[in-house]
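Good morning, everyone, and thank you for making time for this short talk.

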Amino acid sequence: MKLPAAYKLKDIAVIINCEFEGSPEHIITGLNEIHMVEAGDIVFVDHPKYYDKALLSKATTILINKKVECPIGKALLVSDDPFRDYNKLVRHFQPVSYSLKPISETAKVGKTSIIMPGVYLGSNVTIGENCVIHPNVVIYDNCHLGNNVVIHSNTVIGADAFYYKKRAEYFDKMISCGRVIIEDDVEIGAMCTIDKGVSGDTKIGSGTKLDNHVQIGHDTQVGKMCLMASHVAVAGVVVIEDGVTLWGQVGVRSDVKLGKGSVLLAQSGLGEDIPAGKTFFGSPAGEARSKMKEVAALKMLPELIKKITEK
Amino acid sequence: MKLPAAYKLKDIAVIINCEFEGSPEHIITGLNEIHMVEAGDIVFVDHPKYYDKALLSKATTILINKKVECPIGKALLVSDDPFRDYNKLVRHFQPVSYSLKPISETAKVGKTSIIMPGVYLGSNVTIGENCVIHPNVVIYDNCHLGNNVVIHSNTVIGADAFYYKKRAEYFDKMISCGRVIIEDDVEIGAMCTIDKGVSGDTKIGSGTKLDNHVQIGHDTQVGKMCLMASHVAVAGVVVIEDGVTLWGQVGVRSDVKLGKGSVLLAQSGLGEDIPAGKTFFGSPAGEARSKMKEVAALKMLPELIKKITEK
Amino acid sequence: MKLPAAYKLKDIAVIINCEFEGSPEHIITGLNEIHMVEAGDIVFVDHPKYYDKALLSKATTILINKKVECPIGKALLVSDDPFRDYNKLVRHFQPVSYSLKPISETAKVGKTSIIMPGVYLGSNVTIGENCVIHPNVVIYDNCHLGNNVVIHSNTVIGADAFYYKKRAEYFDKMISCGRVIIEDDVEIGAMCTIDKGVSGDTKIGSGTKLDNHVQIGHDTQVGKMCLMASHVAVAGVVVIEDGVTLWGQVGVRSDVKLGKGSVLLAQSGLGEDIPAGKTFFGSPAGEARSKMKEVAALKMLPELIKKITEK
């Protein structure tokens, strides 16, 4: 999330009422979660295990729950509860708002695009030229569609990330302030969900086609010309490179990478990276030929055990 | 389902035109399916295999297709088709009705709650304070939401149970007369379905969070502070205790119990109870460490078979 | 797809501006994809591997990218790009059109049927008597429902087939011109998708019942009195005979056949035909008793490997 302007460290510290380390004039221009940070951003960290990752990331301001040594050229915001104060900043710069008109007044739709009945377009949604948005599609605030995009009925673009911090007595929600960006020539089936980024963008690359009931988690990056069959479920913060094919009911864990042109066969469950060009299968998924040999070997196993036992 | 008042055995027998055993003045206050019965309820049974279960249940009136010995303090309604007559009673006390306004006149919404465009709220729906119901959500008749509940777009709360009796020439539908109860601080993703109870309540405990595309079957009880990832499918009449985590694409069979704090890893298919605190994996699911050993062993099997064959 | 009238070969050749082989007066009455062709139809083929299949099919006109020998009584349309010209013919006979009213003026609804709020009915949709279409259901153009059909909320009937031809730089969409036919006494849960046929009909047989989140692909034929539990995903061009049961989260590959009364246990992934009456399990699925023996044998494998290694 970009801030509406460049802010000074001292001013941000006032908003969340916390101490800071570094120049009071240190500049802050954004707010991001660790996977998406850039120079100018605040990142938050509240567990010593991840201190180094945050301090060494591209973020130049670290919202942290301990006064540690500040890296050169960076600044610290020292808070007793960085998660709470991160959410506080998100809400400060992006106040809650629910557009109660079916098509928000701030939504922009290309002249040649067709918006069918029952569609909801939230605030600041933009839709390019020559798109078709079928009945009862919902697009949450701040999502952007390119040209020649088709969205089939009842699909939901931009719902909140599924991202909670476990507190003693409740789950504390990470407020999503990111967006969904859908590039040109994408077609999305009926009943899909593409969640917004927590602080960055969830992206669907140009020419990609999704079948029905596909789930794409927050901050996931889908490349160009990918294909996903029905009931595929991709978690958050996944990187899917160009030309990847996911067959029906495939599941992909968060924070893995699928190399260019890789393929996951139906019902596979991926828990690790796939190299470019490889085909994986199984749950947990592995290289497909090896897995098929396992399937074949398993068929022989009952007879084998019988023989060994009879010896 | 509670009856609108206390009825006498003889009056119920008139409605379904059947004989009875027991005091004509015997009191009936409700109507429930075997999993949910309480004192005062009618339960139905039409197969000798289940006679004892029904006769010994907490139900005090048994709608049955054979004149058996009546337990002390109970009563029998003797029908040639208990399933048909059970449905007849349901329809008598809950006549078919479809509210054709998007927001029924009998729906009650807390003052601080936000109902977005395209939402349907059926008859007698109640929504607490500080809720957000996103666009195009549908809530069927008689469902109740607590405070601080968020429901994302296109989710359907309270559709009918998937429950049919096979007749020679058709499937005979069990009419659902139950409800969905969603407690405080629950968040439900986009595109979820939570079916109403057949005669009791489907319940989502306070603080529980569901990702997108989650299915919860009829009469299932979900505890407090549970997490369910995308595409989880839980069948009917399941008991999920507090603090349970179901990862993506997990399936749970009907009529099993998941102990407090148990975990099902992604894509697992559960066909039995899980004890409290245990982690299960696989399809069919078993204790996770054992299953991971099986996965590792299976990887070695093709080579092992090759060696044995070459001997 | 039936053409609005009988056309002559020479007239069709003019529409797509191509050469032809055969009598200029040769009659064409329809347009179909290879799985659904009948006499009078055009079929297209653009790969030598499938030439024979197309030439020997029931289609009497073959749109082909090579001037081959024409079978007796048939005709050829010789195009440099049969896929493109097939789409061109589809669009010629079924021009793009989007009905922008929630209930199209050409939709016909039986007098005793109930259409609830937020429903979209496209052009030429017909709904029989005594149906209930729950809130926010979407039915695309040209779909037909029989009598006593119930469709639960947010289900989408008739979205486009997921069918693309890979070009060098993009996926070229096969334009769907088929329909969905739902026979009498069918009940479809919430959040289901039933895609239209590419050129023929997707069909749900009478008395069949679908739970929530079920996907039925294009041109798939579902028989009478089938049951499908939640999150079942059936690909395109599948034949499911009468009385088939698919349990939760089952996946079925395209172009396979499920024999009468066959059963797929939960989470199975079917990649081949099932004979009538058989029960299959697993991913990939096989005969259930064999698969259960494999599951049991696999449990013993870690111990077995330990023993062998220790020898």
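This is a predicted model: local features need pLDDT of at least 70, side-chain atom pairs count only at pLDDT 80 or more; totals for chains, interfaces and linings use all residues.

Residues are numbered from 1 along each chain as its sequence is written, and chains are lettered from A and ligands numbered from 1 in the order in which they are written.

In chain C, six strands make an open sheet of mixed pairing, in the order β1-β3-β4-β5-β6-β2; strands here are DSSP runs of E with at least two residues, helices are runs of H or I with at least four, both numbered from the N terminus, and two strands pair if DSSP finds at least two bridges between them. Because β1 (2–8) and β2 (19–21) of chain C stand at the edges with a single partner strand each, one side of each has no neighbour in the sheet. β1(C) runs antiparallel to β3 (residues 27–31) of chain C, and three bridges join them, with C:Ile28 in β3(C) as the bridge partner of C:Tyr7.

Turning to the chains, 35 residues of chain C are in contact with 33 residues of chain A, contact meaning that C-beta atoms, placed from the backbone, lie within 7 Å. Helix α4 (residues 288–310) of chain C gives the most to that side of chain C, with seven residues.

Finally, chain A can be laid on chain B with an RMSD of 0.0 Å by a turn of 120° and a shift of 0.0 Å along the axis, superposed by least squares on C-alpha atoms of residues with pLDDT of at least 70 in both. The two copies are therefore related as by a three-fold rotation axis.

Methods
Two residues are in contact if their C-beta atoms, placed from the backbone, lie within 7 Å.
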